[in-house]
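Trainee: I have this one open for the first time. Can you walk me through it?
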Amino acid sequence: MILPAGSPCARRSLCAIVVLACVLLPSRLRSQEKPSAHPWMNTSLSPDERAALVLKEMTIDEKITLLHGTGMVGLSPMSPLSVHSNGGAGYVPGIPRLDIPAIQMSDAAYGVRSSGENGRYSTALPANVASAASWDIAAAYEYGALIGRELRAQGYNMTLGGGINLTREPRNGRTFEYLGEDPVLAGKMVGSVMKGLQAQHVIGDIKHYALNDQESGRNAVNITIDRRAARESDLLAFEIGVHESNAGAVMCSYNRVGGDYACENKYLLTDLLKKEWNFPGFVVSDWQATHSTAKASAAGLDHEEPGEIFYAETMKKAVASGTVPMAEFDEHVRRILRSMFACGVVDDPPVKSVVDVMGGLAVAQQIAEQSIVLLKNKQSILPLDAAKIHNIAVIGPHADVGMISGGGSAQVDPPGGNAIMPPGKGQTHWQDHIWFPTSPLRAIRAKAPSANVQFDSGADPASAAALAKSADVAVVFAYEWESEGMDLDNLTLPENQDALIAQVAAANPRTVVVLETGTAVTMPWADQVGGILEAWYAGSRGADAVANVLFGDVTPSAKLPMTFPRSVADLPHPEIVKPPRESTGGDWKRIAAGLPAFQVTYDEGVKVGYKWYDAENKPVLFPFGYGLSYTSYSYSNLAVARGKDGVQVSFTVTNTGVRSGAEIAEVYASLPAAAGEPPKRLVGWSKIPLNGGESKAASVTVDPNYLSIFNVDTNAWQLIPGDYTILVGGSSQSLPLKNSINLQ
Ligand code: BGC
């Protein structure tokens with residue numbers, strides 16, 4: 001702190017007190033005490049008014065500063081200013097003269113990234129797809145709020161989480177980072193995550209806009225999809241997410257859509273996002289997804305990351321020559337400033353502090369417990385009764401030490417490093433398989449202290465089967481690792497785990513499989529085992545959550561946010577389209593200049609996930625929205641009526657068992673035949689906690705847009721007049737209640 005000569009602090013004792021107070025007082029109070037001369041620091045003005053006031057005072061160089069990052073090794077040249085970065089993926093210097101703080105961005109999909117290399121700590125929540133399996137809007141808010149708190153504690157004020165690309169292609173290596181295959185579920189859940197995040201005064205970001213549904217050749221691929229199908233599928237998820245949350249930023253993706261790169265695609269960025277959806281925030285490019293200055297600027301890209309190839313000196317020249325009009329240039333700056341004010345990062349800067357480790361673990365465990373899907377429970381093999389079981393075989397790769405996590409820019413670093421490495425030696429590297437130190441073996445031993453619990457890694461299936469044979473129950477932990485930057489070749493468990501499970505189940509049919517996967521997997525052994533749990537990438541406290549479900553301390557309530565097909569042959573595209581060699585990457589200059597495009601056509605259109613299997617009459621392994629419980633539910637009393645805000649769907653759900661639980665009641669609609677839509681679509685849901693024997697009335701208001709089709713000719717949502725069938729039940733394939741309503 002520099003004290004002006006002649007200030008009251010010239011008297012040393014007073015000075016010391018003031019300095020101490022400044023150090024000890026939270027910055028929120030300090031900023032309240034220090035009346036700023038700047039009119040935009042008046043918090044009673046709107047974010048738009050405040051942004052406009054700052055903009056008037058800025059020089060061209062100050063404006064340029066806000067429009068780009070400061071570099072990243074290997075992706076773009078480094079600016080000397082990057083030394084002030086907080087260690088996250090993006091850093092935008094502030095403008096101290098104007099009291100505009102820096103933007104410190106960090107990836108934070110399921111927790112804050114890079115804590116290892118920065119000497120910090122982050123909680124790993126269950127993967128995003130797991131949180132979608134909870135269908136729990138309040139839990140999604142807590143998910144975002146926890147990440148927001150940890151971002152701030154680590155000195156960041158912007159997240160790069162918020163992945164929402166639909167699971168159109170379940171082999172996409174980032175499926176674990178996204179929120180499943182349905183646009184309404186994904187959009188609503190991301191909206192709530194963003195609200196939780198932004199309530200902590202962190203700028204939220206929804207990504208990757210749009211149609212970046214496979215990783216293979218992502219910097220080159222050109223996606224072709226019919227406009228109506230796009231609006232009703234992937235783009236609808238973004239539309240809902242943006243509307244629900246007021247996210248401060250949207251990240252445009254690497255791929256091309258309809259011939260133009262997403263980050264220079266006027267239809268996506270301006271016509272749709274900014275004009276039709278009234279998105280007031282700024283568009284940030286994915287890292288190295290900017291490919292031009294004038295074209296990108298005119299299309300609506302506001303901010304280049306990670307460096308300054310197109311939006312610094314080149315932008316300055318383009319503005320000077322008029323290639324980029326001054327008003328357009330100012331608009332980029334204004335949007336960034338507006339989000340900074342709207343999200344509170346100017347008035348309430350982050351203060352580095354100790355992460356609430358214990359609080360984070362508790363939240364991670366609660367969300368994991370709500371995310372674990374019970375897929376099979378033959379003869380009620382689960383929950384296990386510790387009092388009656390004497391021998392338990394715990395089998396599976398690394399199930400003695402940890403549980404797997406998802407990789408790439410979403411990777412959260414485990415405390416102590418990779419659990420399968422010697423302590424302190426497990427530094428994480430890009431695309432390593434990272435196991436969190438949450439030990440299934442230990443958690444199961446804690447639940448059954450008087451049982452003999454033995455472990456076998458499964459490396460030799462015969463030895464695992466022999467152990468299983470001698471046990472009362474065998475619990476096999478099977479995994480599939482995924483990451484950004486790759487796609488899976490198929491949906492088969494790696495490392496011969498199908499054979500391992502089959503052999504163990506042959507030795508002891510009282511076998512329960514716990515899956516640690518980020519996407520659907522095929523299960524050739526499904527009929528042979530007694531129980532199956534999908535635990536996803538379960539986060540920092542995954543093992544405790546799984547043990548609580550296995551032993552019945554928690555009654556499972558989650559439902560699948562994606563279809564589990566029987567085979568990859570049933571997918572819309574049995575083979576993923578891989579790029580030719582010239583479109584696979586190269587140095588940053590080649591990528592910036594634009595790689596030769598290769599074509600992927602989403603000819604299944606709107607038929608993503610269950611809509612595909614329904615329309616094609618293909619049986620599935622486990623349907624969308626499916627999940628069992630330790631109790632059972634029945635549905636009755638459906639009433640469907642026109643309401644003030646949409647169609648009002650009311651019904652009763654009864655817990656017909658004795659245990660208390662929570663039922664996710666799903667509401668689907670079949671549109672009139674004239675609409676030409678797949679057989680049904682999800683239009684709402686309600687998660688209802690119920691004690692044993694209890695009945696509750698539930699009510700879901702269906703947004704009229706969710707019943708509409710997108711009319712390309714009028715560029716508007718359109719309700720097709722006719723009879724709509726409303727279906728209600730516990731999974732997309734178990735819908736006992738049905739009623740019609742005529743809508744005009
Ligand atoms: C990813 C983004 C991420 C960015 C910054 C890119 O490779 O696609 O999701 O936010 O890197 O790390």
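Mentor: Start at the ligand. A polar side-chain atom of lysine 207 sits 2.8 Å from an oxygen atom of the ligand. Bear in mind that this is a predicted model.

Trainee: What about histidine 208 and tyrosine 254, how far are their polar side-chain atoms from a ligand oxygen atom?
Mentor: For histidine 208 the distance is 2.7 Å, and for tyrosine 254 it is 2.9 Å.

Trainee: How much of the ligand does the protein bury?
Mentor: The protein buries 95% of the 310 Å² that the ligand exposes when taken alone.

Trainee: How many residues surround the ligand, and which are the closest?
Mentor: There are 14, and the closest are Asp107, Arg174, His208, Asp286 and Glu484. By class, the shell has seven charged, five nonpolar and two polar residues.

Trainee: Which arginine lies over the face of tyrosine 267?
Mentor: Arginine 227, at 3.5 Å from the ring centre. Tyr267 is also one of the buried residues of helix H10, residues 266–276. Arginine 231 lies over the face of phenylalanine 710, at 4.1 Å from that ring centre.

Trainee: And what comes just after H10?
Mentor: Asparagine 278, which takes a positive phi of about 55°.

Terms used
Residues numbered from 1 in each chain as written. Predicted model: local features only at pLDDT ≥ 70, side-chain atom pairs only at ≥ 80, totals over all residues. Heavy atoms only, no water. Buried < 20%, exposed > 50% of the residue type's maximum accessible area, 1.4 Å probe, protein only. Helix = DSSP H or I, 4+ residues; strand = E, 2+ residues; numbered from the N terminus. Near = heavy atom within 4 Å. Polar contact = N/O pair within 3.5 Å; in protein donor to acceptor, adjacent residues only side chain to side chain. Areas by Shrake-Rupley, 256 points an atom, 1.4 Å probe, with all protein chains shown as cover. Nonpolar A, V, L, I, M, F, W, Y, C, P; charged D, E, K, R; others polar. Lys NZ or Arg CZ within 6 Å of the ring centre and 35° of its normal.
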